[in-house]
Amino acid sequence: MPDNPPSLNRYVLADELYTLLKKRILSHEMSAGDKINIDKLARDLGVSNIPIREALSRLSSEGLVSVVPFKGMFVAAMNARDIDEIFEIRASLESLALRKAATRIPKDRLRRILAETTAAQEEADAGQETASRMFKMNEGLHGTILAYADNENLQRMVVSLIERIYRYLNLLNFTIAIADEREEHARILSALLADDMDEATAALERHLQRARQRLRDSFS
């Protein structure tokens, strides 16, 4: 926790505290397994315990905080089993999102994403790869699928799982197998452009399974 935490209005809403604490957890400013001292947080942030507890309850529902009876609240642990469970759920939910979105995504948008994926490969070959481009590529495909699924609850659930994956990436300074990611994305996009729903779904599931294994191997 920083020596000089940001000053918050005494009557700050719980969602502002939720955003602040979530950022600290995802960036490992609050480390996995740490016990959360609610009284100290309240003093540091200049608020009462009530909105802190509300924010932590919300983070608990997203798997970022663990509640241990008679012991208190802790920053959620990180382990290989957690990785497996996150990707298992994500694969099911994102496959559903893909089936809902497939007929709604404009072909022009799919072609543009595929072209951007190809351009990113050419820049990588030229030694111009950047982490921001990689995140943009992921947002291009996965973000588009979620947007066109037209289901806000589904979108929120998948985004929450992706944020939990980023928590691992931030801890590990994980080096993404960029060429593999691009190839997997391209297969999904090509199947969607060909209106081959079965192949698109299978390609997405293979992509997530391989991404899970890459992260798991790095973590173990």
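Which residue takes a positive phi just after α2? That residue is G46, with a phi of about 70°.

What we have here is a predicted model. Its mean pLDDT is 87, and 85% of the residues reach 70 or more. One stretch calls for caution: over residues 126-130 the pLDDT stays under 50, and the model has seven contacts beyond four places in sequence for that stretch.

Let me turn to the overall architecture. The protein comprises nine helices and two strands. Read from the N terminus, the order of elements is α-α-α-β-β-α-α-α-α-α-α. Of the 220 residues, 40% are buried. The accessible surface amounts to about 12000 Å², and carbon and sulfur atoms account for 49% of that surface. If we take contacts between residues at least 6 apart in sequence, 77% of them join residues at least 24 apart.

Now to α2, which spans residues 38-45. At its start, a side-chain oxygen of N37 comes to within 3.2 Å of the backbone nitrogen of D39. The buried residues of the helix are I38, L41, A42 and L45. Viewed down the axis of α2, these buried residues fall within an arc of 100°, and they therefore line one face of the helix.

The largest nonpolar core contains 34 residues, and F87, L192 and L215 have the most contacts inside it. Each of the helices α4 (80-101), α5 (107-125), α6 (131-148), α7 (152-172), α8 (178-193) and α9 supplies at least two residues of this core. The greatest contribution is that of α4, which gives eight residues. Beyond its neighbours within four places in sequence, F87 is in contact with I165, L208, A211, R212 and L215. There is also a second, separate core, with 21 residues, including L17, I25, L26 and V65. As a general point, nonpolar side chains in soluble globular proteins tend to be buried together.

Is R214 buried or exposed? Its relative accessible area is 16%, under the 20% cut-off, so R214 counts as buried. Which side chains make polar contacts with that of R214? One is the side chain of E181, at 3.0 Å. Another is the side chain of E184, also at 3.0 Å.

Finally, consider the loop between α8 and α9, where D196 is found. D196 has a relative accessible area of 35%, so this residue is classed as partly exposed, since the value lies between the 20% and 50% limits. How far apart are D196 and A102 in sequence and in space? They are separated by 94 residues along the chain, while their C-alpha atoms are 9.5 Å apart.

To close, I would recall two points. Thank you.

How values were computed: Residues are numbered from 1 along each chain as its sequence is written. This is a predicted model: local features need pLDDT of at least 70, side-chain atom pairs count only at pLDDT 80 or more; totals for chains, interfaces and linings use all residues. Side-chain values use heavy atoms; hydrogens and water are left out. Buried means under 20% relative accessible area, exposed over 50%, partly exposed in between (1.4 Å probe, protein chains only). A polar contact is a pair of N or O atoms within 3.5 Å; within protein, one must be able to donate a hydrogen and the other to accept it, and residues adjacent in sequence count only if both atoms are side-chain atoms. Helices (H or I, at least four residues) and strands (E, at least two) are DSSP runs, numbered from the N terminus. The arc is that of the directions from the helix axis to the C-beta atoms. A nonpolar core is a set of buried Ala, Val, Leu, Ile, Met, Phe, Trp, Tyr and Cys residues joined through side-chain atoms within 4.5 Å. Contact means heavy atoms within 4.5 Å. Accessible areas come from the Shrake-Rupley method with a 1.4 Å probe; for residues, only the protein chains shown count as cover. pLDDT is the predictor's confidence in each residue, from 0 to 100.
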